[in-house]
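Subject: Structure handover

Hi,

Here is the structure I promised to pass on. Please open it first, then read my notes below.

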Amino acid sequence: MMDSPLVKIPVTQAPIIRVRELRRDFGGGLRGRQVLRAVNDVTFDVMPGETLGLVGESGSGKSTIGRMLVGLLPATSGSVELFGETITGRGGHRALARVRHKLQFVFQDPHSAMNPRMRISDVIAEPIDVRGGWSRRDRADRVAQLLDLVGLPNDFADRFPHEFSGGQRQRIIIARALALDPSFIVCDEAVAALDVSMQAQIINLLLDLQERLGLSYLFIAHDLAVVRAVSTRIAVLYAGEIVEIAPRRALYDDPKHPYTRALLAAIPRPQVGTRKPPIRGEVPSLLNRLSGCSLCPRCPDAFDRCRVEAPTLREIAPGRKVACHLHDGVLP
Amino acid sequence: MLEVEDLSVGFRVDSGWIRTVDDVSFTLGAKSSLGIVGESGSGKSVTALSILRLHAQRNTRMTGAIRFDGKDLLRLPERQLRQLRGRDIAMIFQDPMHSLNPVLTVGEQIGETLRIHRGLDARTAHSEAAELLDMVRIPDARSRVDDYPHQLSGGMRQRVMIAMAIACRPRLLIADEPTTALDVTVQAQILDLLRELREEIGMSVILISHDMGLVAEFVERVLVMYAGKLVEDAPARTIFEHPAHPYSEGLLRAIPSPDEDMHRLYAIPGRIPDPGREPPGCSFAPRCGLAQPACTTAAPSLKVFGPGHLIRCPVRLAAKEASP
């Protein structure tokens, strides 16, 4: 199979997004509730024109990261730098206001992401109206242009959301996200609610738009097959931490972390009777973090060191990092 | 054991009746498994709900016959049907949170089935509920039996639903998208559990899913539905290795592969027609790459394509006859 042309973007370019030791706690505070650490010291970059896939099961912190990245949720500590502006910490609000028009977000459920009483043209033009300064003529032209861009006929503009299927609504949401010419879009489970055939159409649309408009995506999903289809690089999250980050082919063809291997083995494949036994247990409670590696109780390869010492994310090959004692060079 | 014959289901809407399931027939033997796949709106869940007659009666019109041990479930009095539900035929749904009562412990909810169908007293029902939780591999079942649904994870809740479903050792379990709301690793665990229980109890299973991969792993035979009609009926291996209907083929090709890099995914163009607005002729013709002028005028019928293999596609049937 042909590799996506996006992979060939030179790596010497500066990242458009730098995330450093990002952390998010819920709870705690004056009432002394327990602290749940949903995201724990996450560090990564996103390069221009690339898609970083973020995979993990529920509770892995993938959506929390996505929300912090576009300023929808404040970080507890750590930093997020977008297009050279640091949006976390002091002055973060003003910095966010300067770059906000370059960011967009596409959610899972297109039904609840639009006002049912607004016409499609108004749904799509909402970002334009919020920003202001467009003539009526320009606004209408832009809506027509956006509908065309996402492959919808022009006469949809005057209709209402309930008249459309899930796949069409997701196209409308994508058109709205493109209204202000963003450079970076967070897609949070953007195709999870769709049937396979609709899912394939929307994924192809996202790939086409990326090529035409030079977009970067953070693509959050739980489905590893979908993530492989869209991503340039992939970060695997477990219990709020990145356990492995690698270019697409390296991650899928030669997964290093036991959790990545377990996730890949769990995918049902349309070949009859081929799967290995699944990994035991479920994602642990984030309220009482373990002293060692979070995966330890479920990991088939765990040894003594894993129970006492949490592994850190280390580079094991160029562009490839793993947080696992098995890849430390010091084996049991 | 189960024989569905010419089942059609219509729902009342403002403008009259719309048919969501159209002349579906299939049989299912004891201790066997069947998968029903299709996109949303294909009629797969409606077909399954019809077996237990779970549609609102006033607004539904069902014709044909559904025979279970020779008794026609469509004509059975409600009281007799109620005895059958949960005892001989059980069902689990996609979302375990919405199927459990949040103010009762899981033990009480599992016990309810046991008290109703097997006349157990509260104490015996409670201890048997704990045994059932153990059977669905919930660790520490003795103490979990007094938990409320919100204290359990999604995977655990689905295990509780399965425990309720198998409480009376049913002969048929209908599972409607049982793992769609679950994480991949948990999904694999639940499927393995269902497979083991099927052996232990010796029940038949109907698995309804939009996920071809999932169905492939689990069942012996697959029905593919499109716009309320069966379009292909074949052994699982045949359908995954050599799908004959263009729709089945498209569904399989559209699944992204975790094992290879792709430049673009294959997508079936267009979308499934709304019920009641199917095009004349073959419902799939407007999206089909093989469609010929005749496809848009005459509605094709289900015909034998190979041993135990039926399809509703004259183009593919003709192609097969031309090159045996």
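Start with two helices in chain B. The crossing of helix 4 and helix 5 of chain B is right-handed. (A crossing is left-handed if the near helix is turned anticlockwise from the far one by less than a right angle, and right-handed if clockwise.) Helices here are DSSP runs of H or I with at least four residues, strands are runs of E with at least two, and both are numbered from the N terminus.

Some ground rules. This is a predicted model, in which local features need pLDDT of at least 70, side-chain atom pairs count only at pLDDT 80 or more, and totals for chains, interfaces and linings use all residues. Residues are numbered from 1 along each chain as its sequence is written, while chains are lettered from A and ligands numbered from 1 in the order in which they are written.

Back to that helix pair. Two packed helices are described by the angle between their axes and the distance between the axes. Helix 4 of chain B covers residues 106-118, and helix 5 of chain B covers residues 122-135. Their axes come within 8 Å and cross at roughly 115 degrees. (Axes are lines fitted to C-alpha atoms, for helices over the stretch in contact, and angles run from 0 to 180 degrees between N-to-C directions.) Helix 4 and helix 5 of chain B are therefore roughly perpendicular to each other. (Under 35 degrees counts as roughly parallel, over 145 as roughly antiparallel, 65 to 115 as roughly perpendicular, and the rest as oblique.)

Which residues of helix 4 of chain B meet helix 5 of chain B? They are Gly107(B), Ile110(B), Gly111(B), Leu114(B) and Arg115(B). Their partners in helix 5 of chain B include Ala122(B), His126(B) and Leu132(B). (Two residues are in contact if their C-beta atoms, placed from the backbone, lie within 7 Å.) By class, this contact has seven nonpolar, three polar and two charged residues. (Ala, Val, Leu, Ile, Met, Phe, Trp, Tyr, Cys and Pro count as nonpolar, Asp, Glu, Lys and Arg as charged, and the others, Gly among them, as polar.)

Next, the domains of chain B. Domain 1 is 2-88 + 168-322, and domain 2 is 97-167. (The bounds come from an automatic or database domain assignment.) The C-alpha centres of the two domains of chain B lie 30 Å apart. In the contact, 15 residues of domain 1 of chain B touch 12 residues of domain 2 of chain B. Helix 8 of chain B (residues 184-202) gives the largest share of the domain 1 side, six residues. That side has 11 nonpolar, two polar and two charged residues.

Chain B also has an open sheet. Its eight strands run in the order 6-7-8-3-9-10-12-11, with mixed pairing. (Two strands pair if DSSP finds at least two bridges between them.) Strand 6 (89-92) and strand 11 (303-306) of chain B are the edge strands, and each pairs on one side only. The twist averages 20 degrees from one strand to the next. Inside the sheet, strand 7 (residues 172-176) and strand 8 (residues 204-209) of chain B pair in the parallel sense over five bridges. Ala175(B) has Leu207(B) as its bridge partner in strand 8 of chain B. Helix 7 of chain B (residues 154-166) packs on this sheet, touching strand 6 and strand 7 of chain B.

Now chain A. Four strands form an open sheet in the order 2-1-4-5, with antiparallel pairing. Strand 2 (35-46) and strand 5 (85-86) of chain A each have a single partner strand, so one side of each is left without a neighbour in the sheet. Strand 4 of chain A (residues 77-82) joins strand 5 of chain A through two bridges. The bridge partner of Glu81(A) in strand 5 of chain A is Thr86(A).

Further along, strand 11 and strand 12 of chain A form a hairpin with two residues between them. Gly319(A), in the turn, has a positive phi of about 75 degrees. Ala317(A) stands opposite Arg320(A) in strand 12 of chain A.

Last, the place where the chains meet. The contact takes 41 residues from chain A and 40 residues from chain B. Helix 6 of chain A supplies the largest share of the chain A side, eight residues. By class, the chain A side has 22 nonpolar, 10 polar and nine charged residues.

Best wishes
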